[in-house]
Structure formats: structure tokens, C-alpha cells
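Here's a quick briefing to read alongside the model. Have the sequence and the 3D view open as you go through the points.

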Amino acid sequence: MSDNHPSVWEIMKSRGYSRRDFLKFCSYIAAAAGIEATGLPKVVHALETKPRPPVVWFHFQECTCCSESFIRSAHPIVADILLDKISLDYSETLQAAAGFQAEEALRQSMEKYKGEYIMAVEGSVPTKDGGVYCTIGGRSALDIAREAAQNAKAVIAWGSCACNACVQGASPNPTGATPAYKVISGKRVVNVPGCPPIGEVMSGVIVHLLAFGRLPQLDSEGRPKAFYSTRVHDSCYRRPYYDAGLFVETFDDEGARKGYCLYKMGCRGPTTYNACGVMRWNGAVSYPIQSGHGCIGCSEAGFWDKGPFYQHLSTFPGFGVETTADTIGAYLAAAAAGGLAVHAVSTNIRKRRILKAEMDKSMKDKDIKPKGGKEGEE
Amino acid sequence: MAKRIVVDPITRIEGHLRVEAEVEGGKIVDAYSSGTMVRGIEIILRGRDPRDAWAFCERACGVCTTVHSLASVRTVENALSITVPPNAELVRNLIFCAHYLQDHVVHFYHLHALDWVDVVSALKADPGEAARIAQTISNWPRNSANYFRDVQNRVKGLVASGQLGIFANAYWGHPAYKLPPEVSLIGVAHYLDALEWQKEIVKVIAILGGKNPHPHYLVGGAPCSVNIEDSMALNAERLAFIGKLIGDGTEFVEQVYLPDLLAVAGFYRDWFAIGGGLENYLAYGDLPTNGINDPSHFKFPRGAILGRNLAEVQEVKGETTDEIREYVTHSWYSYGQGDQQSLHPWEGETTLNYTGPKPPYEELNVEGKYSWMKTPRWKDHPMEVGPLARLLVAYASGRTDVREVVDEALAKLNAPVAALFSTLGRTAARGLETRLIAHWMREFYDTLIQNIKNGDSRMFNAEKWDPDTWPKEAEGVGLSEAPRGALAHWIKIKDKKIANYQLVVPTTWNGSPRDAKGQRSSYEASLLGTPVADPKQPLEILRTIHSFDPCVACAVHLYDPKGRYLHRVRVV
């Protein structure tokens with residue numbers, strides 16, 4: 001990028017911050033991104049020399065909870081991200097310009113920074129009926145997404161809507177809501193699921209891109225390993241109660257008042273990969289389990305159709321402490337095929353495919369024939 | 001000959017909104033509001049467990065997160081005759097208040113302020129003078145010359161970088177901006193402050209509901225148990241945390257939001273005569289202090305005002321089928337008995353009928369159907385909902401706490417009550433109710449502490465938790481007030497499953513297309529007569545539309561493209 005784009009360090013210097021302030025700041029964002037102390041010099045170097053990368057942020061079928069979560073980020077705070085770290089050139093939620101001027105700002109950014117801009121997608125893309133279920137400036141979300149992806153340096157799918165179509169993709173998925181990675185070809189999509197994702201996870205992904213100039217390591221579902229490699233169950237502070245067999249039997253019973261395990265209240269922690277138990281929410285204040293309600297599994301594809309939410313997981317065969325979440329996915333599919341939970345089926349099709357490649361062969365999913373594949377999933 | 005202006009996307013809102021306006025002689029002579037995105041949450045809800053509905057409904061909107069969950073649990077509780085314990089009501093009220101504080105502050109600074117504050121003009125400000133002005137209206141400790149200089153340098157750095165980001169290509173220098181550079185600089189500084197502050201007040205919601213956005217709710221109560229002798233429940237530390245957050249939140253509202261609001265309003269007094277729109281106001285009321293079935297003890301009273309007649313407040317009922325009804329005459333849906341009639345939500349139909357132009361398109365056919373929003377009416381009247389409606393209903397109901405706050409502000413602005421019927425009045429009402437809510441929040445907190453002290457720690461009523469205790473069929477309605485206005489859900493339960501679920505939400509009231517009689521809803525009505533200095537720069541349109549704080553994801557309903565699922569209960 002050209003020389004008239006100052007680095008983060010140059011901006012901080014111009015604002016009167018000392019070198020020490022800058023280094024402290026680097027260590028904060030390194031911590032936020034889960035980077036070890038030995039990697040700190042790289043972060044410092046990156047923030048000294050990199051200009052602010054342009055970001056164009058699209059809203060399709062969504063509720064804006066991802067943007068709201070993003071502005072809740074405690075480290076870095078969003079004012080700093082917006083003013084010092086990225087150039088948010090298009091955002092229907094925050095940008096001052098509207099209508100033609102907003103579209104023009106988008107066009108200018110995509111032209112000037114061809115191949116350099118980061119495309120962020122919040123929301124799913126409706127593909128039914130020519131895309132009439134979401135239009136912006138008279139154009140369909142499908143058109144807009146495909147055009148913007150062509151010259152993007154990287155694509156980030158924020159939240160479960162963009163990663164797996166979330167609530168509008170739940171059965172019967174009336175609008176053909178489709179996740180970003182299925183409508184965009186030729187680009188690796190970073191999936192950051194959750195309804196919404198944790199604010200610091202979102203800023204952590206941005207910090208990673210900024211500091212290292214490349215994508216974070218992703219798992220087989222395109223999720224950054226730093227935040228999605230652990231089950232909520234494994235990082236849960238109530239886990240000892242699970243192991244000891246001490247459960248909440250009814251909301252607000254004696255067990256609830258002592259913080260026992262919420263597994264019997266339908267907690268999806270055992271089948272959910274997310275950082276809630278580690279990072280917690282809103283500046284590490286709490287997370288759903290800590291506040292007395294089971295996890296609803298909002299970062300897992302198809303979680304809406306794995307309900308009802310208060311039906312506990314032991315309904316499904318094979319559940320146990322040592323069983324991995326992916327195995328549970330296979331059992332859910334099996335249970336569904338057996339008629340226990342019809343709408344759990346479709347969402348496990350993709351998971352099953354992944355399982356085939358990655359799962360212990362002894363856990364193969366027999367002769368399951370899921371019915372009624374969901375639009376947007378297949 | 002009128003000129004057609006199209007503003008799409010309307011930015012700094014939630015969701016996808018398009019406005020087409022006819023301008024003649026420098027004023028808007030007609031306007032059309034269109035919601036351009038739909039997801040179908042109501043149809044997705046069918047056949048599911050009613051106790052799960054709050055989570056689906058909550059995703060109607062992430063900006064007004066929590067409000068749909070509250071309306072949903074109330075709806076199910078109403079259908080099943082469940083009474084929640086007083087503490088659970090208080091927890092819900094605390095979440096309600098925390099959300100309003102966050103949402104209204106974010107609306108003022110991040111979604112609305114740039115309609116009034118010229119960011120580029122702030123570069124010319126004298127930071128010392130800005131500090132002097134700020135200190136005359138507020139005791140906020142950060143209002144120093146150095147602080148304002150720092151912010152100004154920061155914005156200068158942004159401009160110098162050539163990457164203006166969210167401030168690029170906007171309407172800076174537009175003749176409708178009237179603030180002195182110093183007041184603009186105060187606005188920009190507090191824009192940044194508010195962005196940092198808003199993440200704090202929602203910690204109340206994280207403590208009580210586990211996370212924000214989208215905390216967890218529970219039919220029958222609240223999931224957070226109280227145990228002052230245990231580290232794993234709501235104990236003294238958690239309660240003290242909430243207490244501190246309320247204090248800090250109240251300070252920000254009193255020392256930053258309100259002073260800024262009044263300062264800005266003082267320079268735009270002409271906007272007290274612009275954008276009044278409809279003359280009817282509707283509020284369902286909220287913040288119960290004696291249970292949900294006693295609206296007379298709500299902090300925000302329930303009622304309707306017609307023809308701006310503040311001498312009379314009319315009774316409103318959600319379950320009476322000839323009051324709240326919805327049209328689809330100009331919406332992309334069709335009704336089985338024809339599109340000229342209206343339906344009560346319990347009988348609500350959701351059949352998609354997109355007749356708009358094939359995208360990409362330039363203009364909508366506004367003579368026909370032109371929006372994904374349905375058109376709700378109260379006794380066939382178009383009604384404005386939102387902060388202004390709430391304050392007017394409370395004011396007209398003789399609520400002394402509301403009257404004091406409103407009269408004090410009007411006196412400071414040297415404006416009559418009638419000035420409230422305007423774009424600026426709407427924006428002012430939002431700030432004034434925030435002040436009231438901050439104080440009520442403290443009352444709820446104190447009551448909760450007192451209850452616990454008195455030995456009542458109940459948070460959940462388990463009597464009807466088991467679906468086997470439910471009647472074979474039930475119907476319910478849950479009324480609430482979202483930050484953007486009157487919100488209600490209606491449910492029909494059959495064989496333990498949702499048979500029908502309808503949401504009638506604030507932005508549907510305000511932003512909907514015309515009804516069968518051709519009556520305009522709030523957005524369209526309030527744009528009439530709005531001046532437009534430069535048709536290519538629709539700043540004035542944004543002011544009026546933003547004064548409603550649109551939330552379009554909420555507003556758009558339903559549907560099923562082929563009509564197949566309308567009466568089908570899914571097998572779970």
C-alpha cells in the first residue's frame with residue numbers, strides 16, 4: 001500500500017503516545033489474539049509498519065447482533081480499531097453516508113484497494129427466487145456478495161448467520177438462507193460462528209490478520225483454532241459437578257443455587273465448540289452457564305434444529321464424558337433418522353461428511369440416511 | 001414536477017430500509033418507506049416448543065436484543081397462566097433498563113449524532129473553548145481542553161491518513177449543519193466516549209442473562225438463581241457489581257447524554273416544527289411493579305392518544321380482536337380473504353407474494369405492493385410508537401415523575417409541549433426517558449436487595465414447566481415496550497407445540513407502507529414537508545428517519561413462498 005497510509009505506531013505517535021504506551025498496547029492485542037510472549041516482537045513490527053487495512057462490512061440476512069457484539073470488545077476497544085487499526089470503508093450500521101454516497105464509498109474502496117480489502121459478511125444470503133428476500137440499493141445480496149468477494153484479500157464470515165445461516169436457515173428455511181462460503185467461490189472464508197460471536201473473538205481475528213498479515217489457523221469448518229478448538233463443556237467451571245454427578249434438576253432448585261451442572265436442563269456445552277468458558281462475555285463478566293442457563297449451542301451449525309433446548313442430551317445414545325462432540329453429532333443424526341428428532345437431521349449432513357474423514361473409523365455412522373436436506377446446507 | 005429521491009441503504013440503522021421521496025420546491029411532498037429484507041422467523045417457529053420461542057424471537061434483532069425474548073416469555077406465560085416470582089420480574093426490569101440505557105445512548109451518538117454534528121467542522125474548533133462550553137453544562141471529568149485537543153488530533157490524523165473509514169463520503173459542509181465547531185468537537189469526543197461506555201452498562205445483562213447481545217431468558221422466571229452464601233450464584237459481589245454499573249450508567253446519562261442532547265437541540269430549534277407526522281400515539285407500557293397483569297402500576301403506562309389530544313388517554317387491549325390488526329394491501333404478502341381486509345395477529349396469515357421489480361431495480365412500484373413490512377393499525381388508526389409515544393401517554397396520564405422531567409427540559413429549551421410533536425421532539429423524548437429509566441433502575445435494584453434481605457430469593461415458578469400440565473389448546477399475548485416502541489407477540493399453542501406465532505413490532509408500526517385506505521404510517525407521514533436543501537445529499541431525510549431509530553430486521557415478518565406451511569404443524 002502507498003506511503004501516505006501511516007502505520008498504527010505512526011498514528012499513535014502523532015497522538016502523543018510514548019513508545020512504552022505503544023509496546024503495552026501491542027502486548028494487549030497480542031494477548032487478545034492468543035499470541036505467546038515470544039511472538040510479541042512480530043506484533044510490534046507489524047503494527048509499526050502496516051497501514052490500516054480497508055474493510056468493507058456487509059449486512060445481509062441478519063439481526064446486527066454481530067456488529068453489536070463487535071462494539072462490546074474490551075480489548076482492543078472498538079474506537080481504537082476504527083480509528084487506528086482498520087479503515088472501515090463500508091458499514092451500514094456505522095457509516096455516516098447513506099444511499100448513493102454509501103454505495104459510492106464502497107465502490108471507491110473496492111477499486112482503490114483491489115485485492116487488498118478485507119470483506120466481512122454479517123448475515124446469510126437468500127438464494128431463493130432470484131434473491132428478492134434481501135436487496136440493498138436495489139441489488140440482491142447474492143450479486144453484491146459475489147462481486148465484492150472477487151477482489152477481496154480475505155473474507156470473514158461473522159456469526160452463525162454468515163457461517164451456517166443461523167435462525168433463518170432453520171427448518172423450513174423459507175428464504176433459502178445460505179452461508180457465505182457457499183455463495184463465494186475461489187476464496188477461503190474464515191468462519192467465526194456464534195449468535196453472536198464473543199466481541200473479543202471478533203477483534204482478535206482482526207488483530208491476527210493485522211499483526212501477521214495472514215489468516216489464523218483454521219479447523220476443518222473454517223473456524224480459527226484459537227477460539228473454536230475446545231468444547232464449552234471442557235472449559236466449563238461447573239465441569240467438576242458434572243463429573244461428580246451433581247446436577248440442577250429444576251431451574252432455581254437447591255442445585256441451581258449451588259451452581260451444579262446444567263446438563264439435565266439441556267445444556268449444549270458438550271456438543272459446542274466455542275470460547276465462552278475460557279474468555280467469557282462482555283469483558284469476562286459471565287457466560288450463559290455462569291448465569292444459570294444451559295448453553296444453547298449457538299456456534300454450531302444447525303443448532304436451532306437440534307432442540308428442543310431443554311431436552312437433555314442423554315436422550316441421544318452414546319453420550320458420555322469422553323465422547324467427542326463430533327461423535328455426538330453422528331449420534332444425533334442416528335437418533336434423528338430413528339425418528340427421535342426429525343429436524344436434527346439435515347444439519348448433520350455436512351458434519352457427517354466431515355466425520356467420515358476425520359472421525360475414528362470405529363465410530364462410523366452405519367447406514368444413516370438423513371431426510372429432507374436443508375436449503376443452504378447442501 | 002416532483003423529483004424522486006431514492007435513499008437505499010438508509011445507513012446507521014438496524015436492517016435494510018429504503019426510502020423513496022418526491023421533492024418539489026425544496027420540500028418533500030410524498031414519501032414511501034420499504035423494508036427490503038425478510039427471513040421468515042414466524043414460520044420457522046411453528047411446531048416448536050413454546051419454551052424455546054424466546055431464543056428464536058430474540059434473533060429478530062440484535063440491536064434491540066432482549067426485547068423480543070421478554071415479549072416472548074410473557075406471551076407464553078400469558079397463554080399458560082404462569083405468574084413469575086417478583087424477583088424474576090425485577091431481574092427482567094433490570095435487564096430492560098440496562099438495555100435501554102445502552103441502546104438509546106448508542107442511538108444518539110452512533111446512529112443519529114452525525115445528522116447534527118459535522119465531524120469536519122470539529123477540526124476547526126478551539127479545544128479550550130470547547131472545554132469551557134462543556135464545563136458549563138456538565139460535571140463530566142473528561143471535559144478538559146487537553147482531552148478535546150487529543151480527540152481533535154486524533155480526527156486530524158484520520159483525515160491526514162486519507163482513509164476516512166466510516167466518515168468517508170458523507171455530508172460534511174452541508175448547509176443544514178448549524179453547530180459551532182466547538183459543540184461539534186464535544187459531540188465527536190463523546191461519540192468516542194459513548195462507544196467505550198456502552199460496553200460497560202450491558203454487563204448488567206451479562207451478569208443476569210449470561211451474555212450480551214442475546215442473553216438467556218426463561219419461561220416462568222429468570223435463570224439466575226440467588227444464593228448470597230455461594231460463589232456460584234447471584235451473591236453480594238454480583239449484586240454490588242450491578243449496583244456500581246447502575247451508578248456509572250446514570251452518571252453518563254446525566255452528565256454526558258442529556259447535556260449534549262439539550263446543547264445540540266438548542267441549535268436546531270427549527271426542527272421542533274418539522275417531522276411531526278401522525279397525530280396518534282400508542283404505548284403498551286412496561287416496567288411492571290405489581291405484576292404484568294396490572295398496567296396501572298407500570299412505570300410506563302399503557303394507552304393511546306388520538307389527534308394529539310393530551311386530555312384523553314384511551315384504553316388499549318392486545319387480546320381484543322378489533323383493536324390491533326394488520327393489513328398487507330401494500331406489502332409483499334397476500335391474505336386468503338383478499339388484501340383489502342385486516343387480520344388480528346391470532347388469526348394472522350403469512351403468505352408471500354413478491355410483486356416488486358426483479359433486482360437490480362431503480363424504483364419500486366409504489367402504487368402496488370412495495371415493502372416486506374405489514375401495516376398494523378389500532379382501531380384502524382395509524383399510530384406512532386416509540387419514546388415520544390411513551391412519554392406522551394405517561395404525560396397525559398398525569399405521571400408526575402415523567403411530567404417533571406419533561407417540563408424541566410422544555411423550560412430549558414424554552415419550548416411548549418407541542419414542540420414535542422416533531423423530529424427533534426422524538427429525539428429529545430428518547431433522552432428524557434433514558435434519564436427516567438436510569439432512576440427507575442435504581443429503584444428496581446433496591447427492591448431486589450430488599451426482597452433478598454427479607455428472605456425471598458425465588459426466581460422461577462416451576463408449576464407449568466412440564467408440558468404435560470398444559471391445556472390441549474391455549475392462546476396468549478405478551479405486550480412490551482422495546483426502545484423503538486410498542487412491541488407485542490401473539491401465540492397459539494396446540495398439543496404442546498406452537499401452532500401460530502406473530503410478532504407486531506415497533507418499526508412495523510412506524511415504517512410500514514400504506515393501509516387499504518391509503519393512510520400513511522409514521523415514516524411516510526413525518527417526511528411530508530421536510531425541507532431538502534440538496535436533493536443529492538439527503539441529510540434532512542436521515543434526520544427524520546433516524547429520529548425513529550429504525551429497526552428493520554424486527555419489522556419484517558413472516559412467510560412462506562408457496563403457502564404450504566401456513567396451517568401445517570411440523571412434527572418434532
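Helix H12 of chain B, residues 423-453, has 31 residues and spans 46 Å from its first C-alpha to its last. That is close to the 45 Å expected at 1.5 Å a residue, where the expected span is 1.5 Å times one less than the number of residues. Just so you know, this is a predicted model, in which local features need pLDDT of at least 70 and side-chain atom pairs count only at pLDDT 80 or more, while totals for chains, interfaces and linings use all residues. Residues are numbered from 1 along each chain as its sequence is written, and chains are lettered from A and ligands numbered from 1 in the order in which they are written. Helices (H or I, at least four residues) and strands (E, at least two) are DSSP runs, numbered from the N terminus.

**H12(B) and its partner H9(B)**

- After H12(B) comes Gly455(B), with a positive phi near 95 degrees.
- Helix H9 of chain B (residues 236-267) and H12(B) cross at roughly 160 degrees, and their axes come within 10 Å; axes are lines fitted to C-alpha atoms, for helices over the stretch in contact, and angles run from 0 to 180 degrees between N-to-C directions.
- H9(B) and H12(B) are therefore roughly antiparallel (over 145 degrees; under 35 would be roughly parallel, 65 to 115 roughly perpendicular and the rest oblique).
- The crossing is left-handed, meaning that the near helix is turned anticlockwise from the far one by less than a right angle.
- Residues of H9(B) including Gly243(B), Gly249(B) and Tyr257(B) meet a set in H12(B) that includes Gly431(B), Arg435(B) and Tyr445(B); contact takes C-beta atoms, placed from the backbone, within 7 Å.
- By class, this H9(B)-H12(B) contact has 14 nonpolar, 5 polar and 3 charged residues (Ala, Val, Leu, Ile, Met, Phe, Trp, Tyr, Cys and Pro are nonpolar, Asp, Glu, Lys and Arg charged, and the others, Gly among them, polar).

**H4(B) against H7(B)**

- Helix H4 of chain B (residues 86-112) packs on H7(B) at about 160 degrees, with the axes 9 Å apart.
- H4(B) and H7(B) are therefore roughly antiparallel too, and their crossing is left-handed.
- On the H4(B) side, Leu101(B), Val105(B) and Tyr109(B) are among the residues that meet H7(B), where the partners include His190(B), Ala194(B) and Gln198(B).
- The H4(B)-H7(B) contact has 9 nonpolar, 4 polar and no charged residues.

**H10(B), a covered helix**

- In helix H10 of chain B (residues 387-396), 10 of 10 residues are buried (20 or more other C-beta atoms within 10 Å of a residue's own, with C-beta atoms placed from the backbone).
- Arg390(B) and Tyr395(B) are among the buried residues.
- Gly398(B) follows H10(B) and has a positive phi, near 80 degrees.

**Where the chains meet**

- Chain B puts 91 residues in contact with 89 of chain A.
- Elements giving two or more residues to that side of chain B include strand E1 (3-7), helix H6 (145-160) and helix H7 (181-201).
- The chain B side divides into 47 nonpolar, 24 polar and 20 charged residues.

**Chain A**

- Chain A has 16 helices and 9 strands, and 62% of its 378 residues count as buried.
- Asn274(A) sits in the loop between helix H13 (254-257) and helix H14 (276-279).
- Asn274(A) is buried, with 28 other C-beta atoms within 10 Å.
- Leaving out residues up to four places away in sequence, Asn274(A) touches Gly194(A), Tyr228(A), Val232(A) and Ser299(A).

Methods
Buried ≥ 20, exposed ≤ 12 C-beta atoms within 10 Å, placed from the backbone. Contact = placed C-beta atoms within 7 Å.
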